[in-house]
Number of protein chains: 2
Amino acid sequence: MRQSKTFIPTLREVPADAEAISHQLLVKGGYIRQTASGIYSYLPLGTKVLRKVEAIIREEMDRSGASEMLMPALQPAELWQETGRWKVYGPELMRMHDRNNRQFALGPTHEEVTTSLVRDELNSYKKLPLTVYQIQTKFRDEQRPRFGLLRGREFIMKDAYSFHADYESLDEAYKTMSDAYHRIFKRVGLNFRAVVADSGAMGGKDTHEFMALASVGEDTIAFSDSSDYAANIEMAEVLDQGQKPDTEALPLEKVETPNVKTMQQAADYLGHTLEEGLKAVVFKVDEQLVMVIARGDHDINDIKVKNLYQAQMVELADEAEVKELLGAGFGSLGPIHVPEAVDVIADNSVKYVANVSCGANEDGYHFKNVNPERDFQVKQYADLRFIQAGDASPDGQGTIQFAEGIEIGQVFKLGEFYADKMQAKFLNEQGKAQNLIMGCYGIGVSRTLAAAVEQHSKDGAVIWPKAISPFQVHLISLNPKKDEQRELADRLYERLLEAGVDVLYDDRKERAGVKFADSDLIGIPVRVTVGKLAANGEVEVKFRDTEQEAISHENDLLDQLASYL
Amino acid sequence: MRQSKTFIPTLREVPADAEAISHQLLVKGGYIRQTASGIYSYLPLGTKVLRKVEAIIREEMDRSGASEMLMPALQPAELWQETGRWKVYGPELMRMHDRNNRQFALGPTHEEVTTSLVRDELNSYKKLPLTVYQIQTKFRDEQRPRFGLLRGREFIMKDAYSFHADYESLDEAYKTMSDAYHRIFKRVGLNFRAVVADSGAMGGKDTHEFMALASVGEDTIAFSDSSDYAANIEMAEVLDQGQKPDTEALPLEKVETPNVKTMQQAADYLGHTLEEGLKAVVFKVDEQLVMVIARGDHDINDIKVKNLYQAQMVELADEAEVKELLGAGFGSLGPIHVPEAVDVIADNSVKYVANVSCGANEDGYHFKNVNPERDFQVKQYADLRFIQAGDASPDGQGTIQFAEGIEIGQVFKLGEFYADKMQAKFLNEQGKAQNLIMGCYGIGVSRTLAAAVEQHSKDGAVIWPKAISPFQVHLISLNPKKDEQRELADRLYERLLEAGVDVLYDDRKERAGVKFADSDLIGIPVRVTVGKLAANGEVEVKFRDTEQEAISHENDLLDQLASYL
């Protein structure tokens with residue numbers, strides 16, 4: 001494409017409101033413009049990248065046996081009422097009504113619509129399994145849209161849905177989709193991890209998030225330094241490792257600890273390390289009060305507490321209530337002398353401590369030389385804390401490191417939730433009606449594009465991975481007023497097009513400085529510059545990702561590029 | 001694709017609510033399903049056709065030098081307020097507000113958004129002209145959605161916008177786009193006409209509609225039987241042809257015509273043909289009363305009256321007001337003795353009548369032997385009537401015929417309306433700020449798909465044009481339980497895929513009758529059936545559009561198909 005004929009409005013300044021690198025570089029490079037908060041227009045370059053990402057996704061979805069569909073953005077409220085999500089989904093669901101006052105949602109996801117489409121048709125085990133997908137615009141009224149394409153209110157997703165007669169078949173589709181996702185993100189050129197995630201309130205089973213590692217990430221991932229293991233930090237299991245220290249249990253001692261409120265203050269006051277103190281936090285788990293004990297250097301993970309109790313809700317207990325029951329406020333709690341109404345449970349690591357300190361359930365007092373079993377009992381030991389950097393990886397290989405990540409995809413075993421609510425049944429081999437079993441699989445298409453920019457930039461400009469660069473080659477005619485330069489550039493442009501190379505040709509009557517600056521901002525990885533060497537039929541070739549540069553004769557250029565492209 | 005792995009829910013019965021052929025056949029063939037009134041889901045087959053239509057459009061748009069973009073569906077009300085269309089656009093504009101009560105429209109079109117994107121960037125004549133396009137979901141809250149995809153509330157459009165420094169450049173882009181549209185609709189396989197259309201209230205200049213001829217059409221097209229001429233019936237010019245008849249003017253005579261109210265009654269009562277009477281209709285043109293005279297067999301076109309007066313509004317005059325001024329009601333009006341307050345104008349054909357009748361401006365009376373000039377004068381003769389079948393074509397070639405048409409595209413010279421309202425200016429070569437000059441160009445993508453079905457069906461089933469058929473070949477294994485049939489079919493499926501043929505393979509364990517019936521409903525133009533002849537390595541090939549059938553050996557099949565595909 002001739003640059004003079006298209007629309008690439010580059011900017012030299014970083015837009016004031018752009019925090020994320022991808023947001024900055026996509027605006028500067030003339031890829032996107034904001035039309036309203038969290039709502040973007042893709043300019044010609046942005047659209048080209050989008051189409052390339054979509055093509056990769058489409059190829060891999062088709063290859064995995066999924067059939068493409070296209071469902072509407074406007075979804076009747078009745079469908080959402082069938083599953084109860086019309087009420088449950090908060091203000092993020094954009095709602096509207098038509099001229100006849102019928103209510104609609106602008107779809108943030110399509111479980112209801114898909115299920116309504118198949119429920120009367122997938123009526124026999126013979127028609128199962130089935131996987132369908134679509135690439136489509138989605139809507140979510142984010143409270144705080146930010147980071148450009150990373151957290152928008154109108155965005156593009158690939159969403160897929162699978163339907164099964166049994167859970168083994170769901171497991172297979174889940175594996176097939178996960179494999180496809182690995183291929184997709186690898187082809188796009190992302191550094192990513194598939195992490196074990198929380199299935200949340202959806203009532204589902206397994207779920208993994210695909211996270212692109214990036215400094216702007218809103219999630220923290222725990223991953224092994226020597227294996228594929230990765231998990232959302234909230235989900236990462238901590239191995240029960242350790243042994244009782246071989247030290248003599250000293251006599252329990254109650255000491256005054258005036259104004260000590262935190263673990264650090266207690267450690268400082270009592271002259272020991274953080275891990276030599278026990279913390280005690282009281283939660284309300286549904287209706288049960290639960291005191292959770294952990295080492296002072298560990299953070300208690302309330303999701304693990306919730307899962308242990310299979311509870312609906314976990315929240316910090318009310319301090320006044322705690323004080324009345326236990327005799328002390330939050331700064332002075334401990335597992336010794338706890339009334340029966342309160343369950344005491346402890347993280348596994350507590351098994352392996354000796355002669356530690358803890359709150360005495362009396363404001364301003366702690367116990368020293370506390371030893372589990374001798375001084376207190378717990379109802380249960382379990383994995384109740386957040387994993388930490390340096391912990392052993394749960395798969396037994398290597399140690400844990402942390403990284404920030406952007407969620408670019410998720411695979412999810414939904415089970416029977418939607419079929420049950422929406423009466424989506426099939427007849428099994430025995431002629432008996434059963435719920436359809438379902439999986440869903442999403443990829444944030446516009447997020448994937450932005451994540452690629454987060455990972456691939458240098459000196460304030462993007463350098464696109466080859467597979468999704470808007471063009472393969474940026475051909476620049478430095479001074480088109482000079483016949484020999486313009487003619488050589490024109491000739492090369494035609495030759496590259498004929499060879500099937502996707503080329504952006506800067507044929508504009510602009511100064512060389514403007515052209516180079518624009519080219520940097522656009523970020524196509526290969527740049528071919530036609531300048532003074534044109535007299536010899538020569539051009540400069542620069543591979544921007546490796547910074548390799550070379551002089552090439554016009555007759556050798558195609559060969560030279562071919563091996564790279 | 002294996003039919004057992006995808007989702008093609010055919011129906012044997014015509015859906016009760018489906019009036020249009022395309023609606024019926026797309027639902028029966030398992031292409032689409034209604035999700036809400038005027039809102040459809042594209043199932044896998046429908047999506048495949050859609051993608052093929054989109055690919056043709058994209059190729060021809062790119063070839064014409066337009067750059068693809070993607071603008072949002074959610075458009076802030078502020079942009080529509082700038083052009084005044086927030087007020088002017090009626091209830092068809094779907095409106096909503098976000099969680100912060102900011103108002104948005106769901107875009108039915110993107111003039112405002114596009115103009116807002118370019119207005120700060122296309123600031124110099126050097127950057128012009130520019131044409132951008134997008135293929136995108138649009139929303140319009142139709143009062144009466146019907147005909148399936150033909151008049152929906154959520155639909156897919158290609159919309160393009162061009163920006164220019166002068167009107168010559170706009171003319172060029174208009175021509176380029178019109179040419180691209182001709183190529184697109186021809187490639188899709190449509191019988192269509194580009195018709196002169198009314199630019200309506202948009203304040204624009206030239207406009208053409210591209211109409212697919214079809215019995216379900218909501219517009220009537222007048223076209224020449226021997227040239228390319230075609231126009232919306234409202235817009236078709238009528239040539240001023242005729243000559244004064246060489247008959248003696250008989251004496252004017254006033255006759256009683258009791259109970260005569262219509263032209264037909266007058267002709268019957270007075271014993272002459274319809275064309276031997278004159279009709280007189282009084283309009284209110286802005287504030288002026290205008291009596292329009294035409295031959296009794298012609299229909300007056302109020303748009304032509306409006307254009308003649310360059311008026312904002314034309315409506316039938318109030319009958320009471322007419323009676324007070326002229327002395328008679330609507331059934332007895334005529335051009336003789338009309339007070340000066342009322343303009344009298346006549347259609348060109350009135351010049352050429354002699355000894356005709358007309359109302360006497362007195363209830364129950366007519367004049368006979370009326371002759372223009374002798375008996376009445378008119379302020380102006382002009383083309384004021386609708387064209388009729390059999391009239392000479394306005395381009396002088398052939399005669400006019402009528403056809404019903406579906407609007408599938410429109411090209412429009414918008415001029416400066418949007419630039420003027422939205423302050424979109426550029427500096428011309430003299431450094432002076434000027435309004436950007438704009439064109440817009442739409443194609444109804446989902447309508448094009450439906451129009452193709454309207455034109456290509458037989459015996460209650462679609463037969464797709466080759467270019468947009470969901471698959472090129474339908475391969476059917478009649479009895480996959482028989483090894484030789486299944487193995488041959490499997491072998492052919494692999495070979496066809498390897499040869500790059502897009503093939504749907506019916507590998508299901510269904511009866512032959514079901515398979516043939518489904519295949520008819522799906523409508524792929526080439527069917528390859530593997531049945532009893534499999535023992536000889538032979539298959540039946542049927543070209544459904546030509547009804548040609550043949551027996552082919554498996555080794556010859558690819559060659560035989562190649563020449564067709």
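1. Strand S15 (residues 288-295) and strand S17 (residues 342-347) of chain B run parallel and are joined by five bridges. Strands here are DSSP runs of E, at least two residues long, and helices are runs of H or I, at least four residues long, both numbered from the N terminus. Two strands count as paired if DSSP finds at least two bridges between them. Within this pair, B:Met291 has B:Val344 of S17(B) as its bridge partner.

2. Please read everything below as a predicted model: local features need pLDDT of at least 70, side-chain atom pairs count only at pLDDT 80 or more, and totals for chains, interfaces and linings use all residues. Residues are numbered from 1 along each chain as its sequence is written, chains are lettered from A in the order in which they are written, and side-chain values use heavy atoms, without hydrogens and water.

3. The sheet in chain B is open and has five strands, ordered S16-S14-S15-S17-S20, with mixed pairing. Strand S16 (314-316) and strand S20 (380-382) of chain B are at the edges with a single partner strand each, so one side of each has no neighbour in the sheet.

4. Chain A is assigned three domains: domain 1 (15-214 + 405-454), domain 2 (253-382) and domain 3 (473-563). The bounds come from an automatic or database domain assignment. The centres of domain 2 and domain 3 of chain A, taken over C-alpha atoms, lie 68 Å apart.

5. Now the interface. 53 residues of chain B contact 53 residues of chain A, with contact meaning heavy atoms within 4.5 Å. The two chains bury about 4700 Å² between them, 62% of it on carbon and sulfur atoms. That area is the accessible area (1.4 Å probe) lost on putting the two parts together, summed over both. B:Phe7, B:Leu70 and B:Arg99 supply 16% of what chain B buries against chain A, more than any other three residues.

6. Six salt bridges link chain B and chain A. The rule asks for a side-chain nitrogen of Lys or Arg within 4 Å of a carboxyl oxygen of Asp or Glu. One pairs A:Arg33 with B:Glu121, closest N and O atoms 3.3 Å apart. Helix H2 (residues 44-63) of chain B gives five residues to the side touching chain A, the largest share.

7. Over all chains the count is 90 salt bridges. A:Glu362 and A:Lys254 form one, with closest N and O atoms 2.4 Å apart. These residues are 108 apart in the chain: A:Glu362 is in the loop between strands S18 (356-359) and S19 (365-370) of chain A, and A:Lys254 is in strand S13 (residues 253-256) of chain A.
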